[in-house]
Amino acid sequence: MAYSKPASASQLFYYGIMGNTMTQTAAALSTDAKTAIADALNQSVAETAVTTMLAQNFHWNVKGMAFGPLHDLFQKIYEDHFLGQDDLAERVRALDVHAEGTLAGMLKRSKVAEHDGHATDQEMIRIMMEAQETLASTLAGCGALAADHGDTLTEDLCIARGQTHEKFAWFLRSHLAG
């Protein structure tokens, strides 16, 4: 079948062409693009891993009148994040780059800090909300970088993960507004 110029936006996506940028699979990206995108993804993995442990720590140590709902919410967060960090790290590997796998490396890289769990329920909520906002911002930046390189699959993953973190931030912010 001969290629003919697409007549509609849906055909543009079918043929993998958006404007003047060709969308690319991981194998088709340049080495420089893979390295840059994987570095941003590893940043996202690090922050997700640190936030996963933060949520589990708060799940174990939360006290107060809102114990039940917060205990459950922190569990939902760490369970989601555990799966999310795996998806992000597997995308790094799909780019044929090494995924950061050490806790020390993740802590060094992360903009989200560890916490010892000695905090009020309100402080835990605020800290977790800020971590979610940081993750959403990091993932938005990673998605934009991926889009600049025509890597729509990484961009899509980052958008989906970023939306999840913004939703968790909203849930937590709503606890503080009451």
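**Figure 1. The largest pocket of the predicted model has a volume of about 270 Å³.** The model shown in these views is a prediction. The residues lining this pocket are Ala49, Val50, Thr52, Met53, Leu54, Asn57, Gln85, Leu103, Met106, Leu107, Glu114 and His115. Sorted by class, the lining of the largest pocket holds 7 nonpolar, 4 polar and 1 charged residues.

**Figure 2. Two helices each give at least two residues to the lining of the largest pocket: H2 and H4.** Helix H2 spans residues 31-61, and helix H4 spans residues 103-109. H2 provides the largest share of the lining, 6 residues.

**Figure 3. Phe168 and Phe171 form an edge-to-face aromatic pair.** The model has 3 aromatic pairs in total. In the pair of Phe168 and Phe171, the rings lie 6.3 Å apart, centre to centre, with 80 degrees between the planes. Both residues belong to helix H6 (residues 152-177), where they are 3 residues apart and so separated by about one helical turn. Phe168 is buried, at a relative accessible area of 10%, whereas Phe171 is partly exposed at 29% relative accessibility.

**Figure 4. Trp170 and Phe171 form a tilted aromatic pair.** Their ring centres are 5.1 Å apart, and the angle between the planes is 45 degrees. Trp170 has a relative accessible area of 48% and counts as partly exposed.

**Figure 5. Phe168, Trp170 and Phe171 are linked into a cluster by ring pairs.** Among the pairs in this view are the edge-to-face pair of Phe168 and Phe171 and the tilted pair of Trp170 and Phe171.

Terms used: Residues are numbered from 1 along each chain as its sequence is written. This is a predicted model: local features need pLDDT of at least 70, side-chain atom pairs count only at pLDDT 80 or more; totals for chains, interfaces and linings use all residues. Side-chain values use heavy atoms; hydrogens and water are left out. On a 1 Å grid over the protein atoms alone, a cavity is a set of points where a 1.4 Å probe fits but cannot get out, and a pocket is an open set with protein on both sides within 12 Å along at least five of seven lines; lining residues have an atom within 4 Å of a point. Grid points are joined across faces, edges and corners, and a volume is the space filled by probe spheres set on the points. Helices (H or I, at least four residues) and strands (E, at least two) are DSSP runs, numbered from the N terminus. Ala, Val, Leu, Ile, Met, Phe, Trp, Tyr, Cys and Pro count as nonpolar, Asp, Glu, Lys and Arg as charged, and the others, Gly among them, as polar. Rings of Phe, Tyr and Trp (its six-membered ring) pair if their centres lie within 6.5 Å; planes under 30 degrees apart count as stacked, over 60 as edge-to-face and the rest as tilted. Buried means under 20% relative accessible area, exposed over 50%, partly exposed in between (1.4 Å probe, protein chains only).
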